[in-house]
Amino acid sequence: MQPFALNYARPAVELAVATPYAYDSGLQLNVLGDGRIAASDHALLRELGTTTSTAGSKTHFDD
């Protein structure tokens, strides 16, 4: 017998989004391609709203 919820479960949709920053484990911050800290880039923060780290919890912010 299949549980009722499995009749409606759908896989999560993966969005094709490239972030302009990457996590630097040495600094424990998100950094831009040129080495600057992503949280200090005001234009990036205006566009994205935040620089959420993917190193751990999705609720950890580098600001």
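This is a predicted model: local features need pLDDT of at least 70, side-chain atom pairs count only at pLDDT 80 or more; totals for chains, interfaces and linings use all residues.
Read from the N terminus, the elements of this chain come in the order β-β-α. The strands are E1, covering residues 21-24, and E2, covering residues 29-32, while the helix, H1, takes up 42-48.

The two strands sit side by side and run antiparallel, with 4 bridges joining E1 to E2. One of the pairings can be picked out by name: Tyr23 has Asn30 in E2 as its bridge partner. Together E1 and E2 form a hairpin, and 4 residues lie between the strands.

Is Gln28 buried or exposed? With a relative accessible area of 53%, Gln28 is exposed, since the cut-off for that label is over 50%.

At 48% relative accessibility, Gly35 counts as partly exposed. Along the chain, Gly35 and Ala22 are 13 residues apart, and 9.6 Å separates their C-alpha atoms.

Asp41 belongs to the loop between E2 and H1 too, and there's quite a bit to say about it. Why does Asp41 count as buried? Its relative accessibility is 16%, and buried means under 20%, so Asp41 gets that label. Setting aside neighbours within four places in sequence, Asp41 is in contact with Leu32 and Arg36. A polar atom of the Asp41 side chain also lies 3.2 Å from the backbone nitrogen of Ala43.

The contact with Arg36 brings in the charged side chains. How many salt bridges does the structure hold? There are 2 salt bridges. In one, the side chains of Asp34 and Arg36 meet, at 2.8 Å from N to O. In the other, the side chain of Arg36 meets that of Asp41, at 3.6 Å from N to O. Put together, Asp34, Arg36 and Asp41 are linked in a network of salt bridges.

Val13, Leu15 and Val17 make up a nonpolar surface patch of about 370 Å². Leu15, one of these residues, lies in the segment before E1. Leu15 is exposed, because its relative accessible area is 69% and the label applies over 50%.

Finally, some totals for the whole chain. The chain has 63 residues, and 17% of them are buried. Its accessible surface comes to about 5,200 Å², with 57% of that belonging to carbon and sulfur atoms. As for contacts between residues at least 6 apart in sequence, 23% join residues at least 24 apart.

How values were computed: Residues are numbered from 1 along each chain as its sequence is written. Side-chain values use heavy atoms; hydrogens and water are left out. Two strands pair if DSSP finds at least two bridges between them. Patches are made of residues with over 30% relative accessible area and no salt bridge: like charges are joined within 9 Å, nonpolar side chains (Val, Leu, Ile, Met, Phe, Trp, Tyr) within 5 Å. Accessible areas come from the Shrake-Rupley method with a 1.4 Å probe; for residues, only the protein chains shown count as cover. A salt bridge is a side-chain nitrogen of Lys or Arg within 4 Å of a carboxyl oxygen of Asp or Glu. Buried means under 20% relative accessible area, exposed over 50%, partly exposed in between (1.4 Å probe, protein chains only). Contact means heavy atoms within 4.5 Å. A polar contact is a pair of N or O atoms within 3.5 Å; within protein, one must be able to donate a hydrogen and the other to accept it, and residues adjacent in sequence count only if both atoms are side-chain atoms.
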